[in-house]
Every structure is written in structure tokens, then in C-alpha cells.
Amino acid sequence: MFWNIAIRTLIYDRGKLCAALVGVVFSVVLVNVQGGLFFGLVHKAGLLVDRSNADIWVGRRGMHNVDLTHDIPERWVHRIRGLAEVAEAEPMRIVFSDMTLADGVYEGVVVVGVPRHTDLGRSWNIVEGPATALDDPHGVIIDQCDDERLDSPQVGEFREIGGHRARIAGKSQGILSFLVTPYVFTTLERSAKLGGADPEKVSYFLVRLHPGADAEAVCHAIEDRLPEVVAYPTETYSKVSVDFWTTRTGLGLSFGAAAALGLFIGLVMVGQALYAMVLSRINEFATLKAIGATEAEILGLLAGQAICVAGVGIAIGIVVTVMIQTGLSTPRIAINIPLWLYFGSAILVSVICLSAAALPYLRVRKVDPHLVLQG
């Protein structure tokens with residue numbers, strides 16, 4: 001009976017119902033889109049690591065972000081190759097440089113170099129140019145998403161990087177840096193020239209293991225052989241890179257604060273709408289009390305209204321969120337919403353709606369059933 005009353009009351013007060021639904025939809029959309037933008041942004045911080053095809057990353061002790069590197073001697077790689085569990089170990093160089101645009105303006109770039117013969121750390125998702133683009137003596141690969149920043153260079157066009165000629169031999173799609181500085185992929189030898197780096201120094205060693213090898217055990221073995229380095233399994237170093245930006249920049253706090261504000265606004269809107277419904281029908285609640293409705297039943301009625309509002313609002317909010325994600329998400333501004341975030345936001349908003357039902361309940365519990373008799 002009380003569920004029937006709760007639903008009928010909501011449908012009758014369409015204006016107040018719409019106000020409550022707007023609050024729920026707003027909260028669901030804001031939490032999911034904010035979360036999706038956050039995950040899409042921080043994903044870039046570990047993108048090079050995640051797509052490196054390596055099992056282990058080795059670098060100078062204290063390494064905490066894939067783009068901010070410290071040099072190590074390239075010759076150390078032979079000590080890693082000597083481990084029985086290691087199938088392949090290759091050096092990688094990451095160095096900052098400048099590209100000269102067509103109008104003479106300079107644009108900062110991050111040059112990424114790996115040996116020509118390996119697939120460890122290479123550019124992926126090539127959409128323009130041949131797969132063998134880096135066989136070109138001056139070849140580099142850039143990303144299509146950076147075309148606007150780099151003045152839209154065409155495949156085959158020459159540019160100057162670090163004072164040296166470089167030919168745009170290919171373009172990838174979706175390889176973006178968290179630093180918003182375009183990546184330029186090339187060979188290990190060419191990266192030293194384009195970045196003005198010491199050719200005997202590199203940034204990392206990328207390690208591929210034989211099947212069944214224990215990555216953690218190999219990391220310890222590498223550190224025993226080379227006390228000056230630290231070795232991380234790929235998943236761990238990706239997380240280290242992401243954590244560096246989320247903890248040191250306050251990124252997580254800012255996105256979390258915006259989402260919390262949205263939840264608070266939704267709570268206020270839902271609570272206000274439910275409270276207005278109660279005030280407009282205060283005599284009806286008095287009647288329910290007069291005919292014997294208990295406090296638990298009254299609370300159940302209000303909670304039923306809150307659950308109905310939450311269920312409908314969450315469904316609409318998720319549909320709107322998917323539409324926003326489909327229509328607005330791009331490689332540059334990615335909206336990555338994991339499935340658990342949808343479920344988490346739904347549970348959270350449901351709890352908030354139930355909490356909002358406490359506001360009208362505080363008013364109803366003070367209603368005197370004698371009001372009906374006096375009327």
C-alpha cells in the first residue's frame with residue numbers, strides 16, 4: 001500500500017518530481033563525466049609504459065615519471081641481458097627538444113628513441129606512412145592529434161628538430177603525453193642527435209622476459225647487479241607514473257571536489273523537492289497517522305519515494321552520460337568511464353537520495369494526527 005501511495009504522490013506532483021530528477025541526473029552525469037575525464041587524463045601519464053610491450057622497466061634510482069628521466073650508461077644493458085630469465089633487453093632514450101615550425105616558431109617536443117630492430121617502446125597505431133617509417137635515414141613519427149600544435153606537417157615533409165633535419169615519415173593516432181608536449185618517435189641513434197643528448201647515455205632499459213619468469217624476482221636480480229638502478233614491473237611503473245601526477249599536482253583533489261560539489265547540489269535539490277511534497281500534503285500524512293500508520297511505515301513511504309526518484313534519475317543520468325562520452329570523447333580529451341564507476345555512482349547517489357528523505361521525515365514526525373479531527 002505504501003509503495004502505491006509513494007508512487008502516486010510522485011506522479012501527481014510532476015513539477016516537484018522533475019526538480020528531484022534533475023538533481024539526481026545532474027549528480028550522476030557530473031560524477032561519471034568528471035571521473036571519466038580524470039581517468040582519461042591520468043591514463044596518458046602511463047601510456048608509454050602500458051604500450052611498451054615490455055615486462056620490466058629499469059631506470060636510475062628515484063625514477064617516478066616516464067617523461068622525466070635521468071641518464072644511465074647504455075653499456076649497463078649487457079648486465080641485464082646476462083640474466084637467464086631475460087629474453088630481450090633494449091635501451092630507450094627520452095629527451096626534450098624543439099621542433100621548428102613552418103613559420104619559424106619553436107614547439108617543444110619529447111623525442112623517444114629505441115633501437116631500430118626491436119618492438120619494445122616503439123610507436124604504435126600507425127595510420128599514415130609505412131610500418132617501416134623509421135628505416136628512413138631522417139625519419140620520425142608524430143601523432144595526428146598533435147597536428148595543430150605542430151602546424152599540420154604532412155608525411156614526407158622535412159622539419160628541424162634540435163637543429164637537425166627530420167623527415168615526417170609516419171603518423172600515429174592517439175599517442176599523447178600527459179605533459180601536453182608532442183611525442184616524436186625515432187631510432188635510438190637519431191634521438192641522441194635530435195635531442196642533443198650524450199649518445200652513450202640512455203633513459204631506460206626495457207626488458208622482456210621468457211614465459212613463466214617471475215617479474216618481481218628478476219627486478220631484484222637486476223637491482224643486485226646494478227645497485228644504481230631501480231627495476232619495476234610494467235604495471236607497477238605505470239601506476240608510479242600516474243600516482244606522481246595525481247599526488248603532486250592535486251589533480252585527484254580538484255576532480256574529487258568538483259564531483260563532491262555536484263553530489264551536494266543533487267542532495268539539496270532532491271531533499272528540497274521531497275520536502276515540498278510533504279508540505280503540500282501535510283494533512284494527508286496526518287490522516288495516515290490518525291488511521292494507525294507507524295513511524296516506520298511513514299519513513300518507508302518517504303524512503304520509497306526517494307528510491308523511485310533515484311532509480312529513474314540514475315537510469316536517465318547513465319543514458320545522458322553515455323551520450324556525452326560518445327559525442328565528446330576524443331584522444332586529446334578522453335572520457336574513460338570504467339564500469340565500476342557507473343555502479344559506484346549509482347550506489348552513491350541512491351544513498352544520497354535516501355539521506356535526503358530524512359529532511360521531510362523530520363517534518364512529518366512532528367505532525368499531530370489530531371489536525372485531521374480538527375479539520
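Modeller: A crossing of two helices is called right-handed if the near helix is turned clockwise from the far one by less than a right angle, and left-handed if it is turned anticlockwise. The model is predicted: local features need pLDDT of at least 70 and side-chain atom pairs count only at pLDDT 80 or more, while totals for chains, interfaces and linings use all residues. Residues are numbered from 1 along each chain as its sequence is written, and side-chain values use heavy atoms, with hydrogens and water left out.

By that convention, α2 and α11 cross in a right-handed manner. Helix α2 spans residues 14-43 and helix α11 residues 339-356; their axes come within 10 Å and cross at roughly 145 degrees. The axes are lines fitted to C-alpha atoms, for helices over the stretch in contact, and angles run from 0 to 180 degrees between N-to-C directions. Helices (H or I, at least four residues) and strands (E, at least two) are DSSP runs numbered from the N terminus.

On the α2 side the contact (heavy atoms within 4.5 Å) is made by Val 24, Ser 27, Val 28, Val 31, Asn 32, Gly 35, Gly 36 and Phe 39. Helix α11 contributes Trp 340, Leu 341, Tyr 342, Ser 345, Val 349 and Cys 353. By class, this contact has 9 nonpolar, 5 polar and no charged residues. Here Ala, Val, Leu, Ile, Met, Phe, Trp, Tyr, Cys and Pro count as nonpolar, Asp, Glu, Lys and Arg as charged, and the others, Gly among them, as polar.

Ser 345 of α11 deserves attention here. Ser 345 is buried, at a relative accessible area of 3%; buried means under 20%, exposed over 50% and partly exposed in between, with a 1.4 Å probe and protein chains only. Not counting residues up to four places away in sequence, Ser 345 touches Val 31 and Asn 32. The side chains of Ser 345 and Asn 32 are joined by a polar contact of 3.0 Å. Such a contact is a pair of N or O atoms within 3.5 Å; within protein, one must be able to donate a hydrogen and the other to accept it, and residues adjacent in sequence count only if both atoms are side-chain atoms.

As for the setting, the protein has 13 helices and 12 strands, and buried residues make up 48% of its 375 residues. Of the contacts with a separation of 6 or more, 79% are between residues 24 or more positions apart.

The largest nonpolar core has 25 residues, and Leu 48, Trp 57 and Val 66 are among those with the most contacts inside it. A nonpolar core is a set of buried Ala, Val, Leu, Ile, Met, Phe, Trp, Tyr and Cys residues joined through side-chain atoms within 4.5 Å. At least two residues of this core come from each of α3 (47-50), β3 (86-100), β4 (106-114), β9 (183-187) and β11 (204-209). Apart from it lies another core, of 21 residues, among them Ala 273, Val 309, Ala 310 and Ala 356.

A polar residue, Asn 65, is found in the loop between β1 (56-60) and β2 (72-73). Asn 65 is buried, with a relative accessible area of 0%, and a polar atom of its side chain lies 3.0 Å from the backbone nitrogen of Asp 67.
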